[in-house]
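Subject: Structure handover

Hello,

Here is the structure we talked about passing on. My notes on what turned up follow below it.

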Amino acid sequence: GSSVPLIGASGAISGLFGSVVMWMHDTGQLARGRRGSRALMPFVIMWVVTSVFFGFFGVPGSDADVAWAVHIAGFMLGLLLYRPVVRYIP
């Protein structure tokens, strides 16, 4: 309910984590024996649930708000933009 925008590096870090998860998926290191989105879903669900949990309940020992929506958006963008960006890397 705060009118102060929550911005920071955590959305970018979440995006990097999403890219690493996609890289691990593409190289076969994520879940052996699973193919396609079935290997990604446990990580996506874990990241969304964790982000929402800390967004609503906060971080223990801190009064700061958590930009949980930015964490989820950054993670999803990392997943979605990994392949288009990697195509242009020599």
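Of the contacts in the protein chain with a separation of 6 or more, what percentage comes from residues 24 or more positions apart? The figure is 63%.

Please keep in mind that this is a predicted model. Mean pLDDT for the protein chain is 82, and 80% of its residues reach 70 or more. Among the helices, α2 has the lowest confidence, with a mean of 85, while α3 has the highest, at 91. Where pLDDT is low, the predicted coordinates should not be read in detail.

Overall layout

The protein chain has three helices and zero strands, in the order α-α-α from the N terminus. Of its 90 residues, 24% are buried.

The core

Nine residues form the largest nonpolar core: Val21, Met22, Leu30, Ala39, Leu40, Val44, Phe75, Leu79 and Tyr82. Two or more residues of this core come from each of α1 (10–26), α2 (37–57) and α3 (68–87).

Helix α3

This helix, α3, has 20 residues and spans 30 Å from its first C-alpha to its last, close to the 28 Å expected at 1.5 Å a residue. At Leu81, α3 bends by about 45°, and Pro84 follows within four residues.

Two residues to look at

His71 lies in α3. It counts as buried because its relative accessible area is 15%, which is under the 20% cut-off. The His71 side chain makes a polar contact with the side chain of Ser10, at 2.9 Å. Setting aside residues up to four places away in sequence, His71 touches Ser10, Gly11, Ser14, Trp47, Ser51 and Val66.

Phe17 sits in helix α1. Its relative accessibility is 27%, so Phe17 counts as partly exposed. Beyond its neighbours within four places in sequence, Phe17 is in contact with Met46, Trp47 and Phe75. Phe17 and Gly78 are 61 residues apart in sequence, with their C-alpha atoms 7.1 Å apart in space.

Regards

Methods:
Residues are numbered from 1 along each chain as its sequence is written. Side-chain values use heavy atoms; hydrogens and water are left out. A nonpolar core is a set of buried Ala, Val, Leu, Ile, Met, Phe, Trp, Tyr and Cys residues joined through side-chain atoms within 4.5 Å. Buried means under 20% relative accessible area, exposed over 50%, partly exposed in between (1.4 Å probe, protein chains only). pLDDT is the predictor's confidence in each residue, from 0 to 100. The expected span of a helix is 1.5 Å times one less than its number of residues. The bend at a residue is the angle between axes fitted to the seven residues ending there and the seven starting there. A polar contact is a pair of N or O atoms within 3.5 Å; within protein, one must be able to donate a hydrogen and the other to accept it, and residues adjacent in sequence count only if both atoms are side-chain atoms. Contact means heavy atoms within 4.5 Å.
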